[in-house]
Amino acid sequence: MTALPTGAAGFLHRFDGLRARLPGARLPWIQALREQAADAFRAQGFPTRRVEAWKYTDLRQVADAGFEEALSVVDSAPALPPAHGSARVVFVDGRSRPDLSTLDGVAYGIESLAAALEAQEGRLGSLARPLEQPMVALNTMLFEDGLVVTVPAGVAGGVLDLVSLGTASERPEAFHPRHLIRLEAGASLTLIETATGPDGARYLHNPVFEIEIGFGATLTHARIQQEAPRAFQLATVYARVEKGGTYDNFTLNAGGKLVRNEIHTLLAGPAATCHMNGAQLLRDGQHADTTTVLDHAAPDCASRQTYKTVLMGKSRGVFQGRIHVHQVAQRTDGYQMNQALLLSPEAEIDSKPQLEIYADDVKCSHGATVGQIDADQLFYLRARGITEARARSMLVEAFLTEAVEGVQDETARAALGAAVTGWWDGQEATA
Amino acid sequence: MLKIEGLTAEIDGKQILKGIDLKVPTGEIHAIMGPNGSGKSTLSYVLSGREGYEITGGSVTFGGLDLLAMAPEERAAAGLFLAFQYPVELPGVGNAMFLRTALNAIRKGRGESEMDAMQFLKMARERLKALQISEDMLKRGVNVGFSGGEKKRNEVLQMALLQPKLAILDETDSGLDIDALKIVSDGVNALRGPGFSALVITHYQRLLDYIVPDRVHVLMNGRIVQSGGPELAKQLEETGYASVQAAA
């Protein structure tokens, strides 16, 4: 067996081999998108740390792994994470599995991208920027499937589970799903995404979301990242929020070896709101990066961002948060907070807030704290008879609970709370 | 109950306690009075086991146990309770969960069975009522957003639930208005009995009108310089600490 080519060359090589067989190969507009993306990826390759946006996250271990395309679907019944509602779509290695999905009583449009590709002209690629983002270029070049959701005007969509499973195979696999979510005026949806895989699996999950939130619509988007311990997830989310709309994103980074959660939100209409919150829970050897890019491009919009990271062993966390307040965005109300709890002297957190404000009537604040467990709080608990180990555990859990409590949607909040508690209890059990 | 002999302690190389001798027999309430900087809070922290203080000499026994050799949680389990001068805020830790965890830790130490949430709630409600604390306080984060008076009442609530053998009240009167002071004092007096001792640390005599001590000790410059009956507190109120210093 010959070694697979690695790095950008490996993926380009695969694109050359697959281009005639990829979904949409006969659609000129898809062809054009893919070729453009391939050119961009060929020119830029994997981002290196010399690129400002990737200064703290080194992708060499991803580039150096030789990835296979995921093999054709193996008919098995993989273990699925708990469901949070009645509707659930399941993807295995990036391909939709209708046999594992349940869509009973869904009052809005759900299709697989592979099946509905032809109808997505003008929609697919309307928000993603492959020419600027190499990982998005890679996704555009090689995507095979994804979720297409359209919630019609005024429809309350309820809860939808999106499950992504990576499977174990001898060689690392890569998959690049493209998800298109559209909420029309006044619609609502709670999308709870769980990405996971079995312990031994090695894969790259490189999803791109294009999310359109219409007039007065509300999308709650809970992302529970529990990838396999040796897996990589590099996710890019693009969201555009129209007048009076709300995007409530919470990303929990708990699994994987190296992960990046990059969110670009555009507040495009007046009085739009976005929450980008999250927690990163890192064990020894893990690297998690949350990068947010927020554009306040209309007046009277509000944004809230709180990210909390707990770091153990030799783990590394990154938070980069850029807020761009355009000149028209008067009366912007922006808040950004990044807090880290270091439980080990070897752990490292890098925090880079960036505010660019071009409007003059703006309320924008940001802050960052890095610390250890507070000695006064610890003593207070111990003075009440609580053992040191239990007291530490209570304080870490409290730190995390606070992050999740801001999520408005009850189902999403409960799902995230359970994931956080499960992670911490698992940590306690192995400690 | 509590026996302190020749206790000396320092923080950051600075000696604060310079040889404390004190006995609090079972069932008695003793007051320690003294001006700012006399070592009152240091004494309460050293007795409850806070880190950062170096014990350089002397001994403390509590019910026959070597108190200084015990971890803070072991001291609490043995029946020692410190009511904090500045109760600590614990955002994200629910007060009810905190109180029940503490109660069960102490009960475990006493060899008693753990209380479930229902049993606990019933007990807590009774105590809340007696201390005129709204039930809403159970749902909030520990001390988060509490007023000064609410924090102190929360301390006394904890004491009422944990039923210690010895309570150290570190300036529990500070920041309390007269009504809150009465409520807090009633909470302490309710525990009074043959199995309960207390060390009431205060700057002012006012609190001792409500919690009448068996003995009053004056702490100045790291030493007990005078001891007497409850009348000593009244005398201090009239003449001030300077007169004691002059006499010492």
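Hi everyone, and thanks for coming. Please keep in mind that what you have on screen is a predicted model.

Let's start where the chains meet.

Now over to chain B and its open sheet. Four strands make up this sheet, in the order β2-β1-β4-β5, and the pairing is antiparallel. As a quick reminder, strands of a sheet pair through backbone hydrogen bonds, either parallel or antiparallel. Which strands sit at the edges? Those are β2 (14-24) and β5 (65-66) of chain B, each pairing on one side only. Follow β5(B) to its partner, strand β4 (residues 54-62) of chain B, and you find two antiparallel bridges. In that part of the sheet, Thr61(B) stands opposite Asp66(B) of β5(B).

There is a helix here too. Helix α1 (residues 40-48) of chain B lies across β1 (2-11), β2 and β4 of chain B, and it runs at about 70 degrees to β2(B).

Strands β11 (residues 215-220) and β12 (residues 223-228) of chain B pair in the antiparallel sense over five bridges. Met220(B) stands opposite Arg223(B) in β12(B). Two residues lie between the strands, and Asn221(B) in that turn has a positive phi of about 50 degrees.

Gln163(B), in the loop between α6 (148-162) and β9 (166-170) of chain B, has a phi near 50 degrees, a positive value in a residue other than glycine. Over in chain A, Ala271(A) belongs to the loop between β15 (258-267) and β16 (273-282), and its phi is near 55 degrees, again positive in a residue other than glycine.

Why does Ala271(A) count as partly exposed? Because it has 16 C-beta neighbours inside 10 Å, while buried would take 20 or more and exposed 12 or fewer. Gln163(B) also counts as partly exposed, because it has 16 C-beta neighbours inside 10 Å.

That's my tour, and I'm happy to chat about any of it!

Note on methods
Residues numbered from 1 in each chain as written. Chains lettered and ligands numbered in written order. Predicted model: local features only at pLDDT ≥ 70, side-chain atom pairs only at ≥ 80, totals over all residues. Pairing = 2+ DSSP bridges. Contact = placed C-beta atoms within 7 Å. Axes fitted to C-alpha atoms, helices over the stretch in contact; angles between N-to-C directions.
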